[in-house]
Amino acid sequence: EGDLQLGPNPTQGQVQWQLKNDISLAQVDIRNAQGQLINQVQLNGQSEGQIDLGGYPEGLFFLEFTAKNGQKNTVRVTRF
């Protein structure tokens, strides 16, 4: 969906994200390429922020944003 903007992608670490609608986000799950949960960040209704992937090895990650209403939006991010 075009409501979530995220970048830069690929990234060296920091990823900025911004939500373009009035949905309240509850959390983002960070998963590795195998789909394993490696971190969970509580968002407390934020509509923008940043996620630091700099502490993780290079590779593919899935950022799964979950809204307070249960709606999910998954974005694929490459860290180099």
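Q: What radius of gyration does the protein chain have, and what would a compact globule of 80 residues have?
A: This is a predicted model. The protein chain has 12 Å, and a compact globule with 80 residues would have a radius near 12 Å, so the two agree.

Q: And what does the C-alpha trace span along its principal axes?
A: About 35 × 25 × 20 Å.

Q: OK, secondary structure. How many helices and strands?
A: Zero helices and seven strands. From the N terminus the order is β-β-β-β-β-β-β.

Q: How much of the chain counts as buried?
A: 35% of the 80 residues.

Q: Back inside. Which residues have the most contacts within the largest nonpolar core?
A: W17, L25, I51, L53, L63 and F65. That core has 17 residues.

Q: Which strands each supply at least two residues of this core?
A: β2 (14-19), β3 (25-32), β6 (59-67) and β7 (72-79). β6 gives the most, with four residues.

Q: Take L25. What is L25 in contact with, leaving aside neighbours within four places?
A: W17, L19, L43, N44, G45, Q46, F65, T66, A67 and K68.

Q: Now I30. Where is I30, and is I30 buried or exposed?
A: I30 sits in strand β3. Its relative accessibility is 1%, so I30 counts as buried.

Q: What does I30 touch, not counting residues up to four places away?
A: Q36, L37, I38, N39, V41, I51, L53, F61, F62 and L63. Take L53: I30 and L53 are 23 residues apart in sequence, and their C-alpha atoms are 9.0 Å apart in space.

Q: Switching to Y56. Where is Y56 found?
A: In the loop between β5 (48-52) and β6.

Q: Which residues is Y56 in contact with, beyond four places in sequence?
A: I38, N39, F61 and R79. I38 is 18 residues from Y56 in sequence and 9.4 Å away, C-alpha to C-alpha. I38, N39 and F61 are also among the residues I30 touches.

Q: Last one. What share of contacts with a separation of 6 or more comes from residues 24 or more positions apart?
A: 49%.

Notes. Residues are numbered from 1 along each chain as its sequence is written. This is a predicted model: local features need pLDDT of at least 70, side-chain atom pairs count only at pLDDT 80 or more; totals for chains, interfaces and linings use all residues. Side-chain values use heavy atoms; hydrogens and water are left out. The radius of gyration is taken over C-alpha atoms; the globule rule is 2.2 Å times the number of residues to the power 0.38. Buried means under 20% relative accessible area, exposed over 50%, partly exposed in between (1.4 Å probe, protein chains only). Contact means heavy atoms within 4.5 Å. A nonpolar core is a set of buried Ala, Val, Leu, Ile, Met, Phe, Trp, Tyr and Cys residues joined through side-chain atoms within 4.5 Å.
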